Amino acid sequence: MNESNPRKFKFRSALVETAPGKPEWRNNVVVTIHAGQIINVQPDVVDAVGTLVEGAAIPAMVNVHSHAFQRGFAGLSEFRTASNDSFWTWRNLMYEFVRELSPEDVFVIARQVYLEMVIAGYSWVGEFHYLHNDPAGKPYANRGEMAGAILRAADETKIGICLLPVLYQRSGFATEHVEEGQLRFALANDDYFGLLEICQKKTRNTPDALLGMAIHSLRAVGRNSIAAALEYRDAALPDCPIHIHAAEQTQELEDCLAATGKRSIEYLLSTFAVDPRWCLIHATHMNQSETENLAASGATVGLCPTTEANLGDGFFPAQEFLSHNGSISIGSDSHCSVDVRDEIRTLEYGQRLKTRNRSVLGTATESVGRRLYLACSTGGGKAIGVATGSIAIGFRADMIVINDQHPTIAGAAQDRLLDRLIFSNSGNPISKRMIGGQWIGDSELQSAWQKSSDEFFNLNRRFLGSR
Ligand SMILES: [Zn+2]
C-alpha cells in the first residue's frame with residue numbers, strides 16, 4: 001500500500017453501507033480509498049469523478065477455514081475403502097498423503113489454492129495451519145519453516161491471510177499421545193508458543209497478514225493445555241482471533257460426552273470464556289440450548305458446507321442459529337470446492353433437503369442469496385478480526401465487481417443479483433477484484449495462474465504416480 005494520495009472510483013452500482021448494519025444497493029457510488037482503506041462512500045454522484053467502474057460492486061468474501069495442503073488431495077478419496085466409509089477413513093487417506101510433503105510442496109499447493117480463492121472472489125483466508133513438523137515428526141531447524149511457506153504463498157497471490165497456527169497434542173479424549181500419522185502436527189505447549197513468536201515476527205508490519213491462534217479440537221487438546229493457550233493469548237496476543245474445530249462428527253460428540261459428561265459445544269461454552277473473538281468451525285451437532293447459547297456468546301461459526309457434505313458430517317441447525325442472531329461465515333476447508341457460491345448454495349440446499357421446504361434461510365424481507373452472502377461476508381471479517389466484508393467507511397477496500405451483463409446475472413435487478421449469482425451458476429461473472437485497495441488485473445492473474453498450475457501439475461504427477 002504505497003499510494004500517497006486518496007484514489008476515487010465511481011461504481012455504476014454498489015452494495016454499500018451508508019449507515020452501520022444497513023447494506024443497500026445504490027447507483028453512481030464514489031468510493032474513496034487511501035492506504036488500502038475505504039475513507040469515504042458517496043452514492044448518487046452525478047458528476048464525472050474518479051475512475052468509472054462498470055458492473056456491480058459487492059464486498060469480497062472471507063474464507064475463514066482452509067487447510068491449504070489438503071487441496072493436493074481433493075478428489076482423491078472418492079472410492080470405498082470400507083463397508084461404511086466415513087470422515088475417519090478419509091482422514092487415514094489424508095494422513096498417507098501428508099506423510100512426505102516438503103515445505104516447498106506445501107508452498108506450491110498453497111499458492112495454487114490461494115490463487116483459486118482470489119479468482120473465486122475471496123479476499124482473505126483463515127489458514128488453520130497444523131502441518132508443523134518434518135516427515136519424522138521432528139521440528140524443522142527453523143520451527144517456522146512450514147508457516148513461512150504458507151505466508152509466502154499468500155504474499156505471492158496477494159490474498160490477505162489470518163495465519164492460525166494450531167495446537168495439536170493427542171489422538172483422542174482418552175490419551176495424551178498422538179498416533180503415528182499425526183506426528184507432523186504435534187507440538188508441546190512451549191514449542192507452540194515459540195512458533196507463535198516466530199509467526200508474530202513474520203506477520204508484524206504486514207497489512208495483508210495477521211496472526212491468530214487455533215486449538216485443533218477438544219479431542220486433540222486437553223483442558224489444561226487449552227487453558228494455557230488462552231492465558232498465553234491474553235498476555236502475548238490480546239484480542240487475536242481463536243479458532244477451533246467443534247462438534248463436526250457425532251463420534252466426537254459421544255467421546256466428549258463420555259470423557260466430560262457434556263456435549264462438545266456445551267462443554268466448550270461452560271468451560272472457557274467463549275466470546276466474539278472465537279470462531280467455532282462446523283458446530284454441526286448442537287441441541288437447542290447449545291444453539292441458543294452459542295449464538296448469545298457472540299462467537300462466529302465457520303461453516304464449510306461443501307466439505308461437510310463431502311465428509312458426511314450432518315446438517316448445521318442454520319435456521320435456529322440465525323433466528324437467534326448467530327454469526328456465520330464460510331470456509332472451503334478441504335477444498336473439494338473453492339467457490340463462494342458453491343458454499344452458500346450447499347448450505348441452503350442442505351436445509352431444504354432436511355426440511356423439504358424451499359428458501360429456508362431467507363426471511364420475509366431478505367432473499368436467501370442476499371441474506372447469506374452478507375451474513376457470511378460480515379461474519380467472516382469478524383471471525384478473523386479484520387474490518388472487511390462491507391463496502392463502508394473504515395473498512396478495508398476488499399471488493400469484487402460482478403459483470404451484470406454476464407449470462408448468469410443478465411436481467412436481474414440489484415435486489416436479485418446475489419440470488420442470481422448463487423443460484424444461477426454458469427461460469428464466473430466476476431469482472432474485477434480488489435484486495436486491500438489494489439486491483440488484481442486479469443493479465444496478472446493469468447500469468448500467475450500459468451506458473452502456479454504448471455508447478456502444481458508437476459507436483460501432482462510426482463505424488464500420484466499410478467494412483
Ligand atoms: Zn478443518
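Reader: Before we start, what should I know about the numbering and the model?

Author: Residues count from 1 along each chain as its sequence is written. The model is predicted, so local features need pLDDT of at least 70 and side-chain atom pairs count only at pLDDT 80 or more, while totals for chains, interfaces and linings use all residues.

Reader: Thanks! Into which domains is the protein chain divided?

Author: Domain bounds come from an automatic or database domain assignment. Here they give domain 1 (7–59 + 390–436) and domain 2 (61–384). The centres of the two domains, taken over C-alpha atoms, are separated by 29 Å.

Reader: How many residues of domain 1 are in contact with domain 2?

Author: Two residues are in contact if their C-beta atoms, placed from the backbone, lie within 7 Å. By that rule, 16 residues of domain 1 are in contact with 20 residues of domain 2. Helix 13 (414–423) and strand 15 (430–435) each supply at least two residues of the side of domain 1 that touches domain 2. The largest share, five residues, comes from helix 13. Helices (H or I, at least four residues) and strands (E, at least two) are DSSP runs, numbered from the N terminus.

Reader: Which residues in helix 13 are buried?

Author: A residue is buried if 20 or more other C-beta atoms lie within 10 Å of its own, exposed if 12 or fewer, and partly exposed in between, with C-beta atoms placed from the backbone. In helix 13, the residues Leu417, Leu418, Arg420, Leu421 and Ile422 are buried. Their cover includes strand 4 (51–59), helix 11, helix 12 and strand 14 (399–402).

Reader: And how many residues has the largest nonpolar core?

Author: In soluble globular proteins, nonpolar side chains tend to be buried together. A nonpolar core is a set of buried Ala, Val, Leu, Ile, Met, Phe, Trp, Tyr and Cys residues joined through C-beta atoms within 7 Å. The largest one here has 130 residues, and Val106, Tyr122, Ile150 and Ile391 have the most contacts inside it. Helix 2 (residues 103–120) gives the most to this core, with 11 residues. The core draws at least three residues from each of domain 1 and domain 2. Leaving aside neighbours within four places in sequence, the contacts of Val106 include Phe69, Leu131 and Ile150.

Reader: At what angle do helix 11 and helix 12 pack?

Author: Axes are lines fitted to C-alpha atoms, for helices over the stretch in contact, and angles run from 0 to 180 degrees between N-to-C directions. Helix 11 (residues 340–355) and helix 12 (residues 368–384) pack at about 120 degrees, with axes 10 Å apart. Angles under 35 degrees count as roughly parallel, over 145 as roughly antiparallel, 65 to 115 as roughly perpendicular and the rest as oblique. Helix 11 and helix 12 are therefore oblique to each other. In this pair, Ile344, Leu347 and Glu348 in helix 11 meet Val368, Leu372, Tyr373 and Cys376 in helix 12.

Reader: Last one: which residue other than glycine has a positive phi, and is that residue buried or exposed?

Author: Most residues other than glycine have a negative phi. Ala283 has a positive phi of about 45 degrees. Ala283 sits in the loop between strand 11 (278–282) and helix 8 (288–297). Ala283 counts as buried because 28 C-beta neighbours lie inside 10 Å. Asn28, in strand 2 (residues 23–34), also has a positive phi, near 45 degrees. With 17 C-beta neighbours inside 10 Å, Asn28 counts as partly exposed.
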